[in-house]
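Hi everyone, thanks for coming. Please have a look at what is on the screen, and I will walk you through some of the packing.

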Amino acid sequence: MFGNVMAIERALGTGIIISSSVPISQRVQNRIRDFIEEYESVLSRFRADSLVSRMARAEHGGEFEFPTWAGPLFALYSEFYAATRGTFDACIGADLLALGYNNSVRFIPQSTVSTGKNENSSSDSWSNYRRALPVKWADISRDDGGATLHTNKPVQLDFGAAGKGYFVDLVMQIIKEEFSDDSTANNYFPSDFDFLVNAGGDMRACFSKKNSQIKVALENPFDTTQAVGVASIASGALCASSAARRRWKVKDTNCLAADAFESNVVATHLINALDGVPSQKLSASWTYVPAKTCAFPTAYADALATALFISQESDLQKIAQTTGAEFAVMQPNHALRKTCAFPARFFAE
């Protein structure tokens, strides 16, 4: 099915792998690499020269004009911010920095949590957390449907909840334009063209035949060397979030009691924006969004995978219905719950 592979190491912090049934020309590869550089120079909070880093340094805020391709991403964040009542917020960049998630962070492997016990075992592990309330997404004004953000103070944005998924969709559009018979119509592929874009586990498949599928192992959040199931996905997007990835010990900060954070408290990137605390209600989530339901299925699948950790499923019902999303979640006690049509078989079932 996929006889050709293009790999870009360290892109977006995880690396990008594009597998295809038809070779991707050097010209198209160069266009994708150029777009990776552009995307990171705009949205990466780890680059001092990026636009979001300029926003973080702007003492009195200002008007920040993003590329037009950023407009749909901002609209998605506004949609999820409203749906989750503020738990899903790009402004959590300030919280992540306060907890130590910067260029020097050292991630730690998932420890032995298979007993079902919470790693932050003390019930008041976060009770001494003193958070400086950051700017909220609602405080940032945006031109209707536009890509210009207006602020009146510094704001540290982090688009990690949906940014990789959105990037995958934009790369798909680049490939689609290059391989379409009519690049302006943007609707057709060669009859034998199949491809898969994988950005650190956020993936989108595109098949020329309606019944084609690919099988994807679903990682065990309690032992990342194993799988808990296998998904069979058609043309569409599959994304996951896990408490086993991007975990670090909180240190060198005055927001936690010294005797607590050095020994016990482990943070993850899955931050509830209302209190700034990493969510501990789930261990993993998986989401699937078919390609035909919306323009950016990977962005929505990526955002939903995070939102399931930090908000109520009932708040996400409208978005899930609109996008045709299916999902599964695993709790810290290993309990599994999934929607009826989530396209996977779990070994524990």
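Let's start with helices α5 and α7, which pack at an angle of about 170° with their axes 7 Å apart. Helices here are DSSP runs of H or I with at least four residues, strands are E runs of at least two, and both are numbered from the N terminus. The axes are lines fitted to C-alpha atoms, for helices over the stretch in contact, and angles run from 0 to 180 degrees between N-to-C directions. The angle makes α5 roughly antiparallel to α7; under 35 degrees counts as roughly parallel, over 145 as roughly antiparallel, 65 to 115 as roughly perpendicular, and the rest as oblique.

A quick word on the source: this is a predicted model, where local features need pLDDT of at least 70 and side-chain atom pairs count only at pLDDT 80 or more, while totals for chains, interfaces and linings use all residues. Residues are numbered from 1 along each chain as its sequence is written, and side-chain values use heavy atoms, leaving out hydrogens and water.

Back to our pair. Which residues of α5 and α7 meet? From α5 we have Gly163, Lys164, Gly165, Tyr166, Val168 and Asp169, and from α7 come Pro297, Thr298, Ala299 and Asp302. Contact means heavy atoms within 4.5 Å. This set divides into 4 nonpolar, 3 polar and 3 charged residues. Nonpolar covers Ala, Val, Leu, Ile, Met, Phe, Trp, Tyr, Cys and Pro; charged covers Asp, Glu, Lys and Arg; the others, Gly among them, are polar.

Helix α5 (residues 163-179) also packs with helix α1 (residues 26-43), at about 150° and with axes 11 Å apart. These two are therefore roughly antiparallel as well. On the α1 side the contact includes Ile32, Phe35 and Tyr39, and on the α5 side Tyr166, Phe167 and Leu170 are among the partners. Here the division is 11 nonpolar, 1 polar and 4 charged.

Now for α7 (residues 297-310) and its contact with α3 (residues 71-83): the axes come within 11 Å and cross at roughly 30°. Leu76, Glu79 and Phe80 of α3 face Ala299, Tyr300, Ala303, Leu304 and Ala307 of α7, giving 7 nonpolar, no polar and 1 charged.

Phe80 turns up again in the largest nonpolar core, which has 80 residues. Such a core is a set of buried Ala, Val, Leu, Ile, Met, Phe, Trp, Tyr and Cys residues joined through side-chain atoms within 4.5 Å. Ile32, Tyr39 and Leu157 are, like Phe80, among the residues that touch the most other members. Leu157 touches, for example, Met55, Trp137 and Leu149. Apart from that core lies another, of 21 residues, including Leu218 and Ile233.

Asn220 sits in strand β8 (residues 214-220) and is buried, at 12% relative accessible area; buried means under 20%, exposed over 50%, and partly exposed in between, with a 1.4 Å probe and protein chains only. Arg85 is not a glycine, yet has a positive phi of about 60°. Is Arg85 buried or exposed? Arg85 is exposed, at 63%, in the loop between α3 and α4. His334 has a positive phi too, near 75°, and is partly exposed at 35%, in the loop between β16 and β17.

Terms used: Lists of a residue's contacts leave out its neighbours within four places in sequence.
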